[in-house]
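Please prepare a short briefing on the local surroundings of selected residues and on the annotated spans of this model.

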Amino acid sequence: MEWIQQLINGISLGSIYALIALGYTMVYGIIKLINFAHGDVFMIGAFVGFYAIAGWGLGFFPALLLAMAVCAVFGVLIERIAYKRLRNATRIAALITAIGVSLLIEYGFIYVRGAQAAAYPDVLANKKYDLFGIQVSSQSLLILVVSIVLMIILHFVVHRTKIGKAMRAVSHDMEAAQLMGINVNTTISATFAIGSALAGAAGVFFGVYYTKIEPLMGVIPGVKAFVAAVLGGIGIIPGAMVGGLVLGVVETIVSALGFSQWRDAAAFIILILILLFRPSGIFGKNAREKV
Amino acid sequence: MKKISKLLMTSVLFAGVLAGCASGNETTGGSEGDTIKVGANLELSGAVASYGEGIKEGIDLAIEEINAAGGVDGKELEVVPVDNKSEGSEATNAAIKLVNQDKVTAIIGSATSGNTKAQTQIADEGKTILITPSGTADDLTLGTDGNVIDYVFRTSFIDSFQGKVAANFATELGIKNAAIYADNASDYAKGLAKSFKETFEAAGGKVVAEESYIADDTDFRSTLTNLKSAEPEFIFIPGYYEEVGLIVKQARELGIDVPLMGADGWDSPTLVELAGAENLNNTYITNHYSSGDPDETIQKFVEAFSKKYDGAKPDAFNALGYDSVYLLVDAMDRAGTTTDKEKIKDALAETKDLSLITGKITIDELHNPTKSATVLEYKDGEQVFKSKVNP
């Protein structure tokens, strides 16, 4: 019984990782950039949700939508201001810019707001369901359900819409896509918008589920989500979902076995092992290097 | 390669500039006037900002009162606050600045044991008095050689005393099986856990599970699920409010309904916000004082504090910050000087039966005050006075 409860704990944590990992993986898939500022978009999402609920008295779903919308715009702005002009620069230049943007958002936000933590208001009545001795909270169920719905919508957008088709084409071969008349700039913006909106949603979930939010809250979940993306195969959308869930469950199992101090280490050991033995990830194919 | 290293350099420089921005709000040294400068090396931002802010409010109130009554020896007190961002390395930097640049007579701070430890040596070398209002780790006033550090004092009681009070309280509740869930990185939590365990086991109780967590963590559910299966009747959680708030909330969500107990690290309004008032029912803390204590001096202090801070009720950190100033001023009065730090230090060490808000203080040979502790219970988010325990 205890194990089922641990599994539920792990899946709730994993679905938050998965939502953040999706943004990493989509951006990497399309412009081969590891967007280290993604964890901070997650933080911004959490705070937008917080101000919407605590300040304006919005409910959970309006706050969630608002946070997603603000993050989408924010993600596009980051891309337009910082990354666009580096599209033809070396990859290390873009990577360092991403780190710089991340620090700028974190400390810029601290400068404006201060570094103290805030407590998320109780926006969802948290009911406990007792199923044969397992305590399931309505919050973790809701987080799970909404995450799955968002992932289904994402799948639909990527595979059934025109912009999704354009995204897949650009990620496959940017120049050829451009020659076919696809507007690469719009497509890349759309990718950032969708990825950032998902991170914003993850931020609101994190706030509701874990209560405490602060300006540096994006750092560790951001890095963990990066591990999840690599674990599933970076650039592959289902990989990010599975990678996130696996990572959440593994971390919970490590704690459950009594090694709670090793939990963070476990995530990075996974990263090292994956990079050593299967760099393309669980879902990765050994893709031919384009010449 | 050259290009890459150049890029790395730029990014490091860039990061440095950013870090500089964040710390741009510190106060720089005041002018050399005819005032007595007292440094305040406090956690004004970061993880335990509410402690530092609380102490600062207490200090400000005490200084305002003393200056209004004519100051010390005709001179006014002036506080020089520095924010250590709740980090040990920043606390060291702040102490260096206060000792060398501002040349303060004494430093009050920091709120936590770890941040205080980061500056004891600097204060001692600079022959500047350091009084920590709330650093409770047993060995804080001792140097690496085990001897008392001449210039370091404290206003609060020590961890082993708090752990003992908590263990005795659990025994009085009739608890036989207890669990401990402690912060693994702080000297404070480890000291409390140790003395709790010793006292509780000596009284015939059994510690059925012992787990620890990492500071800044947010997910405690899996470890709590483990603790729950050990079926303790009582869980002792020494730690600071940011994590404890989440632990209490998550524990209640997992159906852990037994009494939870902590120490002065829980004392913050943020704890109630994080945990939720309802989840905090059936939890207890040991603390330095209670604003609900009927004692007359305490009630007078509560009144003066509410007047200055828009009706707010002073918590233990407010009271300790306030007391630290009076402890220092008492020593200055007895030493008959406001500048000779050595004489003031000697007078501090001889403090005897000084009545302050948080109890009657006598400084012992290890520079620790002997004083009483209070047990409080949370009822619907309010701290309710339970009992007072003498050493």
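Glu251(A) is part of helix α10 of chain A, which covers residues 237–256; helices (H or I, at least four residues) and strands (E, at least two) are DSSP runs, numbered from the N terminus. The model is a predicted one, in which local features need pLDDT of at least 70 and side-chain atom pairs count only at pLDDT 80 or more, while totals for chains, interfaces and linings use all residues. Residues are numbered from 1 along each chain as its sequence is written, chains are lettered from A and ligands numbered from 1 in the order in which they are written, and side-chain values use heavy atoms, with hydrogens and water left out.

**Surroundings of Glu251(A)**
- Glu251(A) is buried, at a relative accessible area of 1% (buried: under 20%; exposed: over 50%; partly exposed: in between; 1.4 Å probe, protein chains only).
- Leaving aside residues up to four places away in sequence, Glu251(A) touches Leu13(A), Tyr17(A), Lys224(A), Arg263(A) and Ala267(A) (contact: heavy atoms within 4.5 Å).

**Annotated spans of chain A**
- An unreviewed UniProt entry lists residues 6–26, 60–78, 90–112, 132–158, 188–210 and 265–284 of chain A as "transmembrane region"; positions follow the numbering used here, feature names are shortened, and annotations may be inferred rather than shown by experiment.
- Residues 90–112 of chain A are 96% helix and 0% strand, and their end C-alpha atoms lie 33 Å apart.
- For residues 188–210 of chain A, the end C-alpha atoms lie 32 Å apart, with 100% helix and 0% strand.

- Leu44(B) sits in the loop between β1 (35–42) and α2 (49–68) of chain B and is partly exposed, with a relative accessible area of 22%.
- Between the C-alpha atoms of Leu44(B) and Pro81(B), 37 residues apart along the chain, the separation is 9.1 Å.
- Residues touched by Leu44(B), not counting those up to four places away in sequence, include Ala49(B), Val82(B) and Asp83(B).
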